[in-house]
Amino acid sequence: MNPSVKLKFAERYGSEPLIIHAPGRINLIGEHTDYNDGFVMPAAIHMGVQFAFAPSQAAETSIYSLKYDEAFRVDLSKPGKVAQPGWANYFLGILHQLNERGLKTGNFNCVFDGDLPTGAGLSSSAAMECGFVFGLNELFKLGLTRLEMIHMAQWAEHHYAGVKCGIMDQFSSMMGKENHAFMLDCRSLEYEYLPLSLGDYTLLLCDTNVKHALSSSEYNTRRNECQQGVAVIAQKYPEVKSLRDLTAAMLPEFKDELPGVIYNRCRFVVEENNRVVEAGKDLKRGDLVAFGKKMFAAHEGLSKLYEVSCEELDFLVELAKESNGILGARMIGGGFGGCTLNLIRGSVVPSLVKSAGLAYYNRFGVEMTHYAVSPGKGTSGVAGYRSNSLNDYIDWVGVKSIYRITMQGRIYTTYIMKKALHLQSFLSGWPDSN
Ligand code: GLA
C-alpha cells in the first residue's frame, strides 16, 4: 500500500482523508471478447491506484496527481473534456455522469498515485475511473451500486478517453477477489469466482516497455471490424446479434462471403470464446498443462488472426515456448505492446527473467521489466474505512464476527486454564494464585 497519498494529502490540505485502493487487472484468457458479448477470465491484482479524498470547505475542487506533481481545479458544474492534463479526463467523465444522474457532491480535495505501470495493459485507466467514482460514492453517500459504478467507469473511458472498450477492465477493478480469478459472461454480466490454486506455478508479467501509438485507434478499428462481420452474418442468421452468437459450425459458410481480414477477426473471436469456456474447466480440474496450452493458442490467434500483437510481444512469447518450466504465455490487454502473462514454475523465475531480459535487450535495445502478480481484491477502502454499501457492510460484519468469536475463544481458554490451575492446586494442596 502506498502511504504517500495520505501524507501528501495531509501536507496539501491538512485534513484526515478517506483512502481508497483501486486495482489493475490481469486477464488469464479471453482477449477482445468482452465487446463481442463473450467470455473473459480476468483477476484484479495488488498493484493499482490509491486515492485520498476529503470534502473541502473551499469554493473549489482540487485533484492532485502525485506522480506528475500536478494539480487540476475542477468546476463541478462544467466537467467538460480538457486537452491537458490527459489524466483529468477519466475523472471529468465520472463527474459528468454524476451531473447527468442528478447526483450532487460538494467540493472536495483528492490526491492520487499508483504503482501500476501505464501502457502495460494492466488497466491503469479503469483503476483511475473505478477508484474515483467509488471514493465519491463513499464520501458523499451517493448510493451507487458497484454495477452502476462499473458502467459509469466504462462510459468515461468511451466518451472522455475515446476508447470504445468492453466491460472487462472496469468489472475486474470493482469485483476482484483475493486469490481468485473470475469467469465473466460479458452479455449477461453473470460471473463465477474461480479459486487460483497454482501449486508450484506462479503468474509472471514480462513488460516489453513499448506501447505502439496506434493502440487506441486500432482497438476501435477491431471493434468496427467485428460489427461488420456481424452485419453480414446476421443477414443469413438473424439470431446472431454479436460474435458471441456465431458458432464454429456456422463460420465456414462465410469464408467466401466475408473479406479475409473480417473473416479472421470473426474466427478468432469464436475460437477465443470457446477457449475461455474450456480453460475454465481446466482450472476447475487443476489441469494447468491444458490451461497453459490454451494461453499459447490464444496468443497465436491474437497475433495472426486478430493482429493486435507486435514483434516485442511475439518475441517474448516465443522465448517462453522454448523455456523449461513455462506452461503458457500470451499478451494481455488491448495489445500493440505492454505485457505478456506467463504461467511459470516459481523456481525458474529468476533464471527466466535473467535470460529473457538479456535476449530481449539484445534484440530490441529496450529493458524488459517483470512483476510477479497474484489476484487481489476489488476497489475498496483502506485502513479504518467504513463502507456505506451493503456488500461491504456484510464483509465488515463477517470480519467483526470472526474477531468476536476469537476473543470469546480467548476468554474461554483463560477461564478453563484458571479452573485447571485451581483444580491442580486443590488436588496438590497448594494455594492457587486467587
Ligand atoms: C482493453 C479494453 C478491454 C478489452 C481488452 C482486450 O483492455 O479496455 O475492454 O477489450 O482491451 O481484451
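Tutor: In sorting residues, Ala, Val, Leu, Ile, Met, Phe, Trp, Tyr, Cys and Pro count as nonpolar, Asp, Glu, Lys and Arg as charged, and the others, Gly among them, as polar. The model here is predicted.

Student: How do the residues of the shell around the ligand divide?

Tutor: Three are nonpolar, five are polar and three are charged.

Student: Which residues surround the ligand?

Tutor: The ligand has around it E31, H32, D34 and Y35, then S123, then C165, G166, M168 and D169, and finally G333 and G334.

Student: How should I read the span of a helix, for example α2?

Tutor: The expected span is 1.5 Å times one less than the number of residues. Helix α2 runs over residues 88–100, and its 13 residues reach 18 Å from first C-alpha to last, close to the expected 18 Å. Helix α8, residues 288–304, has 17 residues and reaches 24 Å, close to the 24 Å expected.

Student: How many residues of α2 are buried?

Tutor: A residue is buried if 20 or more other C-beta atoms lie within 10 Å of its own. In α2, eleven of the 13 residues are buried, so by this cut-off the helix is mostly covered. Among them are Y90, F91, L92 and I94.

Student: What do the buried residues of α2 pack against?

Tutor: They pack against strands β3 (61–65) and β4 (70–74), and against helices α3 (124–139) and α4 (146–160). After α2 comes G102, with a positive phi near 70°.

Student: Which residues are buried in α8, and what covers them?

Tutor: The buried residues of α8 include F291, M295, A298 and L302. Their cover includes β1 (18–29), α7 (260–285), α9 (311–322), β9 (326–331) and β10 (337–345).

Terms used:
Residues numbered from 1 in each chain as written. Predicted model: local features only at pLDDT ≥ 70, side-chain atom pairs only at ≥ 80, totals over all residues. Near = placed C-beta within 6 Å. Helix = DSSP H or I, 4+ residues; strand = E, 2+ residues; numbered from the N terminus. Buried ≥ 20, exposed ≤ 12 C-beta atoms within 10 Å, placed from the backbone. Contact = placed C-beta atoms within 7 Å.
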